[in-house]
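Work through the exercises below with the sequence and the structure open beside you. Each task is followed by a solution that goes step by step.

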Amino acid sequence: MRETKTTIKDIAKAAGVSTTTVSLVLNNKPSRISDKTKEKILKIAKEKKYVPNKLAVNLAKQSSSTFGMIIPDISNVFFAELCKGCEVESRKAGYSITFSSSDEYISTDLEYVDTMIANRVDGIIYVSSSSTDASTNQTICQKIHSSQIPFVVVDRPIDFPYAKSVLMDNEVGGYIATKHLLELGHQRIGCLTGPMQSDTSIKRLSGYKKALKEFNISFDNSLIREGDFQIQSGYDCLSYMRGLGVTAIFCFNDMMALGIYKAARDYGLKIPEDISVVGYDDIFICDLLDVPLTTVHQPAYSIGRYAVQTLLSLVRKDKNVENIVLSPSLKVRASTRRF
Ligand code: RIB
C-alpha cells in the first residue's frame, strides 16, 4: 500500500508545536524558536521522510523558480551549447530551466508558449522557429507580454517593442565569411542559406552581397540555394553547386557544411582541393574533422549566459535593461584554400 505523504501538520502534531513553527524551521527562516525545538522538528521531519510540496511552496511564494526556454532544434549542437549557457547561469541564480525544442515548426512555438504561461514560469527565453512570419512572431510575443511573464528574444530577431534581446550581427557574419573566400581568389561562391523566412538568413545573405559588391563581383542568384539548417540540405546541394562551377560554398550553419563534407566523401571529392567550404556557428565538431572547418564563430554558450542575465534583470524589474548585439568572428581552419 502506498505510504501517505508526511505533511507539515503531521510534523507539528508529533512535535507538539504549531504548523507555523514547523514551516519557519523547515524553511530556515529567522525566528526565536529554541535550538532544542528546531532539532526536534528536523529530527521528526527526517524520520517521517518529509518532502516539501513544491507546488504549495511555489503558490505561497508566487514563483516557480523556473525559466522556460524554446529552441528550434535541440539536436543542433549550436542550440545545445546555447542551452548549456542558459542552464549554468540559471542554476547560479537559483532557477531551474526547462527546454522545449520546436523542430522549427512555429505552431509548436505557440503550443510551448501556452504551456509555459499555464505553468507560470518566472521567465521565458525564446528562439523562434525559422518557419515563422512577422505576424505570427507578433502574436506569440504579444501573448507572452500579456501574461506579464518577462521574456528575452535570443539569436533570431523579432521586432517587438516590449522584448529585450540578445542577438548576433548576422550581416557581419555573412560579410566576413564571403570576404575571406574572395580574398583567396574565389569568384564563383555558392551560398547555402538557412530558411529565408528567418531574419538570420536574410541578414547573412545581405553580408554575402555586400562583400561581392566590394570586390566588384556581380551577384548571381543562381548560386544561392535555400537550405533548412539540416545536414541533408548540405549533402543535396554539392552536386548542384558543382554543376554551376562554384569553387567555394558558404553555408549558413555548420550542420549543412557537415552535409557537404559527407557528399564530398561519397563523390570522391576533396576539401579544400576540389571545393572550399565555410560554415557558420563554430560548433565543437568543426575542429575535430580531418579537415577542420573554417567557420563563423558564434559564442553560443556566452549568448546563453547573457540571455539569462538579461532575463534576471527583467525579473528583478531593473531599470534600463539593454538589448545586446554581439559581433561574430571568423575561425580560419583548413577547409578553405587559395583558388
Ligand atoms: O545552426 C542553427 C542556426 O540557426 C544558427 O546559425 C543560429 O544562428 C540559428 O539562428
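A polar contact here is a pair of N or O atoms within 3.5 Å. The model is predicted, and the values in the solutions are computed from it.

**Exercise 1. Find the side chains whose N or O atoms come within 3.5 Å of a ligand oxygen, and decide how much of the ligand the protein covers.**

Step 1. Begin with N76, where an N or O atom of the side chain is 2.8 Å from an oxygen atom of the ligand.

Step 2. Continue with D281, whose side chain places an N or O atom 2.6 Å from a ligand oxygen, and then with Q298, for which the corresponding distance is 3.0 Å.

Step 3. Consider the cover: of the 280 Å² of accessible area that the ligand has on its own, the protein covers 100%. The space that the ligand takes is the largest cavity.

**Exercise 2. Trace the strand pairing that involves β10, and state whether each pair runs parallel or antiparallel.**

Step 1. Take β9 (residues 276–281) and β10 (residues 294–297), which run parallel and are joined by four bridges.

**Exercise 3. Locate the cis peptide bond and the residues that have a positive phi without being glycine.**

Step 1. Inspect the peptide bond from I271 to P272, which is cis, with omega near 5 degrees; P272 belongs to the loop between α11 (254–267) and β9.

Step 2. Examine the loop between β2 (96–101) and α6 (106–118), in which D103 lies. Although D103 is not a glycine, its phi is positive, at about 60 degrees.

Step 3. Compare E104, placed in the loop between β2 and α6, which is likewise not a glycine and has a positive phi of about 65 degrees.

Technical notes. Residues are numbered from 1 along each chain as its sequence is written. This is a predicted model: local features need pLDDT of at least 70, side-chain atom pairs count only at pLDDT 80 or more; totals for chains, interfaces and linings use all residues. Side-chain values use heavy atoms; hydrogens and water are left out. Two strands pair if DSSP finds at least two bridges between them. Helices (H or I, at least four residues) and strands (E, at least two) are DSSP runs, numbered from the N terminus. A polar contact is a pair of N or O atoms within 3.5 Å; within protein, one must be able to donate a hydrogen and the other to accept it, and residues adjacent in sequence count only if both atoms are side-chain atoms. Accessible areas come from the Shrake-Rupley method with a 1.4 Å probe; for residues, only the protein chains shown count as cover. On a 1 Å grid over the protein atoms alone, a cavity is a set of points where a 1.4 Å probe fits but cannot get out, and a pocket is an open set with protein on both sides within 12 Å along at least five of seven lines; lining residues have an atom within 4 Å of a point. A molecule sits in a cavity or pocket if more than half of its atoms lie within 2 Å of its grid points.
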